[in-house]
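Visitor: Hi, I have just opened this one and would like someone to walk me through it. Could we look at it together?
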Protein chains: 2
Amino acid sequence: MAVNPVKPGPRVTDLDLFKFMPFRLNRLAAEVSTALATEYADRYGLDIPGWRILATLGFHGDACTAQYIARCTRTHKSTISRAVTMLLGRGLIERLENAEDRREFRLRLTDDGRALYRALIPPLLRREAEILSCLTERERIDFAIALSKIERHLDLVQDLGSKPPADAG
Amino acid sequence: MAVNPVKPGPRVTDLDLFKFMPFRLNRLAAEVSTALATEYADRYGLDIPGWRILATLGFHGDACTAQYIARCTRTHKSTISRAVTMLLGRGLIERLENAEDRREFRLRLTDDGRALYRALIPPLLRREAEILSCLTERERIDFAIALSKIERHLDLVQDLGSKPPADAG
DNA sequence: CTAAGATAGTTTTATATGCAACTATCTAAA
DNA sequence: TTTAGATAGTTGCATATAAAACTATCTTAG
């Protein structure tokens with residue numbers, strides 16, 4: 001039986017960084033964050049953790065613990081702690097003691113906090129829409145579905161009884 | 001003409017953080033980075049900027065300037081500079097003076113650097129495949145296409161004559 | 001009741017990184 | 001030439017944040 005003639009072909013041992021999903025996701029996430037920062041950072045002096053707390057409290061209705069926010073946004077608890085201090089200082093949230101467990105505090109938006117949350121939503125949704133405007137409606141839906149699948153696959157969905165978070169911007 | 005009866009309906013003024021693309025991208029990118037870090041960080045003491053330089057030099061063939069790497073990976077030049085120093089110190093890359101422009105240096109992998117690059121590719125591609133294994137082939141292709149469109153839309157593609165980078169992990 | 005361990009949240013520490021200032025070199029225009 | 005401005009790369013500084021140590025409280029086992 002003859003030996004195959006040497007023919008290199010495409011090297012399986014090469015890796016194109018620009019087709020490598022982890023790199024692309026990082027780069028895209030960073031760019032999108034920068035694009036949104038104008039809305040909440042430049043305009044209102046909020047950072048990402050602060051915005052996440054506001055959004056969680058605003059959407060969830062009310063009265064979450066810091067722990068809960070840390071878990072479901074997958075943000076490190078020390079990061080949440082500092083952001084909570086900042087939001088308290090600016091009067092955007094308030095802390096309610098819990099008589100049943102005095103280690104934890106329920107957090108909720110103040111009127112000012114809710115007003116800021118409401119004010120932020122339209123421009124943020126507009127930015128998001130802008131970013132996704134290069135996709136058709138069909139593509140947007142499929143993209144969201146694919147993301148959901150990956151999120152579930154990586155156990156990223158907020159199931160509340162979850163593992164400790166690894167922080168991210 | 002009669003006034004419409006008050007009927008709340010779904011509030012356009014609400015924002016579900018978990019359906020908000022910027023948040024999802026950030027969270028996913030962070031998780032994927034953490035998942036990959038085992039390969040290059042834990043095992044070889046490389047960080048993301050270091051890995052990006054290695055990958056760029058390895059794939060591109062040879063002899064890029066730091067500026068080029070910074071631009072096309074969209075990593076801040078000071079971050080690249082520090083990572084270059086680290087890689088030089090570990091003997092993974094070498095610096096070639098350019099007689100025509102003595103401000104810049106061409107960078108290229110040493111044999112050790114190339115060996116490390118080659119060693120890293122299979123496990124990294126395996127991890128990537130693992131992460132995307134929850135999608136069908138069709139979905140993977142569509143996902144990549146959608147990403148490409150967004151990247152182009154946000155002007156993230158490496159066109160070399162590009163704007164200065166906003167750094168990211 | 002007491003002790004051991006778990007949990008919520010805070011603070012300290014170390015590190016990573018963006019920004020801006022800086023050096024050295026190149027280019028272009030007077 | 002000389003000078004002004006651009007560019008490659010480095011470094012100092014400030015900030016952000018993950019990890020770990022710490023405090024206070026709760027729970028459970030003896």
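Predicted model: local features only at pLDDT ≥ 70, side-chain atom pairs only at ≥ 80, totals over all residues.

Visitor: Okay, and how many bridges join β2(A) to β3(A), and which way do they run?
Guide: There are 5 bridges joining β2(A) to β3(A), the strand of residues 105-109 in chain A, and the two strands run antiparallel.

Visitor: What order do the strands take in the chain A sheet?
Guide: The sheet is an open one of 3 strands, with the order β1-β3-β2 in chain A and antiparallel pairing. Its edge strands are β1 (64-65) and β2 (93-97) of chain A, each of which pairs on one side only.

Visitor: Which helix packs on that sheet?
Guide: That is helix α2 of chain A, residues 48-60, which touches β1, β2 and β3 of chain A and whose direction makes about 85° with that of β3(A).

Visitor: And how do β1(A) and β3(A) pair?
Guide: They pair in the antiparallel sense over 2 bridges, and within this part of the sheet C64(A) has L107(A) of β3(A) as its bridge partner.

Visitor: Back to the helices: at what angle do α2(A) and α3(A) pack?
Guide: Helix α2(A) and helix α3 of chain A, residues 66-73, pack at an angle of about 105°, and their axes are 10 Å apart. The two helices are therefore roughly perpendicular to each other.

Visitor: Which residues make the contact?
Guide: From α2(A) the contact uses R52(A), I53(A) and T56(A), while α3(A) brings I69(A), C72(A) and T73(A). Sorted by class, the residues of this contact are 3 nonpolar, 2 polar and 1 charged.

Visitor: Let me zoom out a bit. How many helices and strands are there in chain A?
Guide: Chain A has 6 helices and 3 strands, and when you read along the sequence they follow the pattern α-α-β-α-α-β-β-α-α. Of the 169 residues in chain A, 33% are buried. If you take the contacts in chain A between residues at least 6 apart in sequence, 56% of them join residues at least 24 apart.

Visitor: Now the second chain. What rotation superposes chain B on chain A?
Guide: A rotation of 180°, with 0.0 Å of shift along its axis, superposes chain B on chain A with an RMSD of 0.1 Å. The two copies are thus related as by a two-fold rotation axis.

Visitor: Which residue of chain B comes closest to that axis?
Guide: It is F143(B), whose C-alpha comes to 3.0 Å from the rotation axis.

Visitor: How many residues are in contact between the two chains?
Guide: On the chain B side 51 residues are in contact with 51 residues of chain A. Helices α1 (21-44), α2 (48-60), α5 (111-132) and α6 (137-153) of chain B each supply at least two residues of the side that touches chain A, and α1(B) gives the most, with 14 residues. By class, this side of chain B has 29 nonpolar, 9 polar and 13 charged residues.

Visitor: Why do you say the copies meet through the same surface?
Guide: The reason is that 100% of the interface residues of chain B are also interface residues in chain A, so the surface through which the copies meet is the same.

Visitor: Is R74(B) buried or exposed?
Guide: R74(B) counts as buried, because it has 21 C-beta neighbours inside 10 Å and the cut-off for a buried residue is 20 or more.

Visitor: And what about D155(A), what phi does that one have?
Guide: D155(A) also is not a glycine and has a positive phi, of about 65°; its place is in the segment after α6 (137-153) of chain A. With 10 C-beta neighbours inside 10 Å, D155(A) counts as exposed.

Methods. Residues numbered from 1 in each chain as written. Chains lettered and ligands numbered in written order. Least-squares fit on C-alpha atoms with pLDDT ≥ 70 in both. Contact = placed C-beta atoms within 7 Å. Pairing = 2+ DSSP bridges. Helix = DSSP H or I, 4+ residues; strand = E, 2+ residues; numbered from the N terminus. Axes fitted to C-alpha atoms, helices over the stretch in contact; angles between N-to-C directions. Parallel < 35°, antiparallel > 145°, perpendicular 65-115°, else oblique. Nonpolar A, V, L, I, M, F, W, Y, C, P; charged D, E, K, R; others polar. Buried ≥ 20, exposed ≤ 12 C-beta atoms within 10 Å, placed from the backbone.
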